[in-house]
Amino acid sequence: MVDICPLCGNYDWDKTVDGSIITCPQCGHGWAFLKLPLFVVTGASGVGKTTTVQALQRVSRDFVCLDVDFFYNLMPHETEADYMAQTEQAQSLSRDVMQCGRPVVWAQAGNIHMLDKTYGARFFSGIFVLALTCPEEELRRRMTAGRGISDEGWIQSSVDYNRYFMEHDNIGGVAYERLDIGGIRAEEAARAVHAWLRGKMESCAGQGDIL
């Protein structure tokens with residue numbers, strides 16, 4: 001909605017964004033929007049992303065917390081193009097929600113490598129990713145005893161993904177930071193995530209990236 005031209009009504013996606021000004025390519029009209037950072041909490045299946053982000057919403061009302069799995073029920077999710085379309089839709093929703101003055105935090109396992117390669121990325125003052133990790137044995141316990149998962153292939157793929165997050169600092173060029181949430185309660189993890197979020201917000205404000 002924020003990128004629909006208020007003068008001519010052009011709703012095509014190919015707007016120019018310079019700082020916090022959107023310009024319509026059809027009529028040349030420009031208008032200001034609130035440009036905020038976008039946050040993604042990622043991690044392997046079963047590590048506790050959704051639980052932590054749910055707890056974050058209880059800890060603080062400063063952020064709008066959403067789960068990208070919402071789009072799996074609305075859109076195809078079979079090809080790379082499908083996942084890119086989902087990423088674009090999540091970012092489109094985010095930039096509209098942010099006009100109320102609150103940044104958006106997504107719980108999102110995959111497609112991290114796409115976050116900065118979208119048209120929508122230009123609408124944010126930064127895209128920041130935090131990967132939640134935990135020790136392998138605890139991850140296995142969370143998946144089996146905690147979620148009732150018995151598919152060994154699923155469990156092993158999650159273990160491998162968790163190990164990737166622990167051993168690297170980016171996916172496809174998209175950098176992330178890590179937070180080990182092994183052995184702590186959801187509320188403790190949420191408070192740690194909240195502290196990370198506030199630090200990123202202060203950094204953006206200090207660089208003059210937030211209106």
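In strand 2, threonine 23 is the bridge partner of threonine 16. This pair belongs to a predicted model, in which strand 1 and strand 2 (residues 21-23) pair in the antiparallel sense over three bridges. The largest pocket has a volume of about 570 Å³.

- Three strands make up an open sheet with antiparallel pairing, in the order 1-2-3.
- Its edges are strand 1 (16-18) and strand 3 (30-32), each of which pairs on one side only.
- On average, and with direction ignored, neighbouring strands of this sheet are turned by 25° against each other.

**Parallel sheet and its helices**

- Strand 4 (residues 38-43) and strand 6 (residues 104-107) run parallel and are joined by three bridges.
- Valine 41 has alanine 107, in strand 6, as its bridge partner.

- Helix 3 (residues 136-146) has Glu138, Leu139, Arg140, Arg142 and Met143 as its buried residues.
- The cover over these buried residues includes helix 4 (152-167).
- Glycine 148, with a positive phi near 70°, follows helix 3.
- Threonine 144 lies in helix 3 and counts as partly exposed because its relative accessibility is 36%, between the 20% and 50% cut-offs.
- A polar atom of the threonine 144 side chain lies 2.7 Å from the backbone oxygen of arginine 140.
- Not counting residues up to four places away in sequence, threonine 144 touches Ile149 and Ile155.
- Threonine 144 and glycine 46 are 98 residues apart in sequence, and their C-alpha atoms are 9.1 Å apart in space.

**Asparagine 162 in helix 4**

- Asparagine 162 is found in helix 4 and counts as buried because its relative accessible area is 2%, where the cut-off is under 20%.
- A polar atom of the asparagine 162 side chain lies 2.8 Å from the backbone oxygen of cysteine 134.
- Leaving aside neighbours within four places in sequence, asparagine 162 is in contact with Ala44, Val47, Leu132, Thr133, Cys134 and Leu139.
- One of these contacts, Leu139, is also among the buried residues of helix 3.

**Largest pocket**

- The lining of the largest pocket consists of 27 residues, and those nearest its centre are Ser45, Gly46, Lys49, Thr50 and Arg147.
- Two or more lining residues come from each of helix 1 (49-59), helix 4 and helix 5 (186-206).
- Helix 1 gives the most to this lining, with four residues.
- Gly46 is one of the residues nearest the pocket centre, and the C-alpha of glycine 46 is 9.1 Å from that of threonine 144.

How values were computed:
Residues are numbered from 1 along each chain as its sequence is written. This is a predicted model: local features need pLDDT of at least 70, side-chain atom pairs count only at pLDDT 80 or more; totals for chains, interfaces and linings use all residues. Side-chain values use heavy atoms; hydrogens and water are left out. Two strands pair if DSSP finds at least two bridges between them. Axes are lines fitted to C-alpha atoms, for helices over the stretch in contact, and angles run from 0 to 180 degrees between N-to-C directions. Buried means under 20% relative accessible area, exposed over 50%, partly exposed in between (1.4 Å probe, protein chains only). Contact means heavy atoms within 4.5 Å. A polar contact is a pair of N or O atoms within 3.5 Å; within protein, one must be able to donate a hydrogen and the other to accept it, and residues adjacent in sequence count only if both atoms are side-chain atoms. On a 1 Å grid over the protein atoms alone, a cavity is a set of points where a 1.4 Å probe fits but cannot get out, and a pocket is an open set with protein on both sides within 12 Å along at least five of seven lines; lining residues have an atom within 4 Å of a point. Grid points are joined across faces, edges and corners, and a volume is the space filled by probe spheres set on the points.
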